[in-house]
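Subject: Structure for your review

Dear colleague,

Please find the structure below, together with its sequence. My notes on what was found in it follow directly after.

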Amino acid sequence: MPVVLSDEELKAVHLTEGEARLELALALYARERITLAQGAHLAGIPFLEFQRARGQRGIPIHYDTKMLEEDLRQAGYTPA
C-alpha cells in the first residue's frame, strides 16, 4: 500500500521526503515493529547511518535472536 504525502504536506511539517522516511523508520524501530536493517532499508540509507540517527535520538537498541537472524538474512548471510 503506497503512502503518498504531497510536497505541500511535507513542507508544512518542514520535512524532506528522505527525512519523512527516516522519521517513520525510527518510529517503527522504537516501537519494536522493525529491525535495524529493515529501518535502514525503509529510510533508504546505509545501516550505519540509521544506527547513528537512532543513537542521536536516544532510541535504545532492542535486539533479540529473531532480529539478528532477520538482519543476517537481509544482508545475504548464510551460515556455513
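Histidine 14 is exposed, because its relative accessible area is 69%; here exposed means over 50% relative accessible area, buried under 20% and partly exposed in between, with a 1.4 Å probe and protein chains only. Histidine 14 sits in the loop between helix H1 (7-12) and H2. Helices (H or I, at least four residues) and strands (E, at least two) are DSSP runs, numbered from the N terminus. Although histidine 14 is not a glycine, its phi is positive, at about 60°. For background, most residues other than glycine have a negative phi.

The model is a predicted one, in which local features need pLDDT of at least 70 and side-chain atom pairs count only at pLDDT 80 or more, while totals for chains, interfaces and linings use all residues. Residues are numbered from 1 along each chain as its sequence is written, and side-chain values use heavy atoms, with hydrogens and water left out.

Glutamate 32 is found in the loop between H2 and H3, and its phi, near 60°, is a positive value in a residue other than glycine. Glutamate 32 counts as exposed because its relative accessibility is 52%.

The overall fold may be stated briefly. The protein chain contains five helices and zero strands, and its pattern along the sequence is α-α-α-α-α. The C-alpha trace spans about 50 × 30 × 20 Å along its principal axes. Of the 80 residues, 29% count as buried. Among contacts (heavy atoms within 4.5 Å) with a separation of 6 or more, residues 24 or more positions apart account for 47%.

How do the axes of helix H2 and helix H3 cross? The axes of H2 (residues 17-30) and H3 (residues 36-43) come within 8 Å and cross at roughly 160°. This makes H2 roughly antiparallel to H3. Axes are lines fitted to C-alpha atoms, for helices over the stretch in contact, and angles run from 0 to 180 degrees between N-to-C directions. Angles under 35 degrees count as roughly parallel, over 145 as roughly antiparallel, 65 to 115 as roughly perpendicular and the rest as oblique.

On the H2 side, Arg21, Leu22, Leu24, Ala25, Leu28 and Tyr29 meet Leu36, Gly39, His41, Leu42 and Ala43 of H3. By class, this contact of H2 with H3 has eight nonpolar, two polar and one charged residues. Ala, Val, Leu, Ile, Met, Phe, Trp, Tyr, Cys and Pro count as nonpolar, Asp, Glu, Lys and Arg as charged, and the others, Gly among them, as polar.

Which residues of H3 are buried? They are Leu36, Ala37, Gly39, Ala40 and Ala43. Seen down the axis of H3, these buried residues fall within an arc of 160°, so they line one face of the helix; the arc is that of the directions from the helix axis to the C-beta atoms. Their cover includes H2, helix H4 (47-56) and helix H5 (65-74).

Glycine 39, which lies in H3, counts as buried because its relative accessibility is 0%. Leaving aside residues up to four places away in sequence, glycine 39 touches Ala25, Ile34 and Phe50. Glycine 39 and proline 2 are 37 residues apart in sequence and 17 Å apart in space, C-alpha to C-alpha. After H3 comes glycine 44, with a positive phi near 75°.

Yours sincerely
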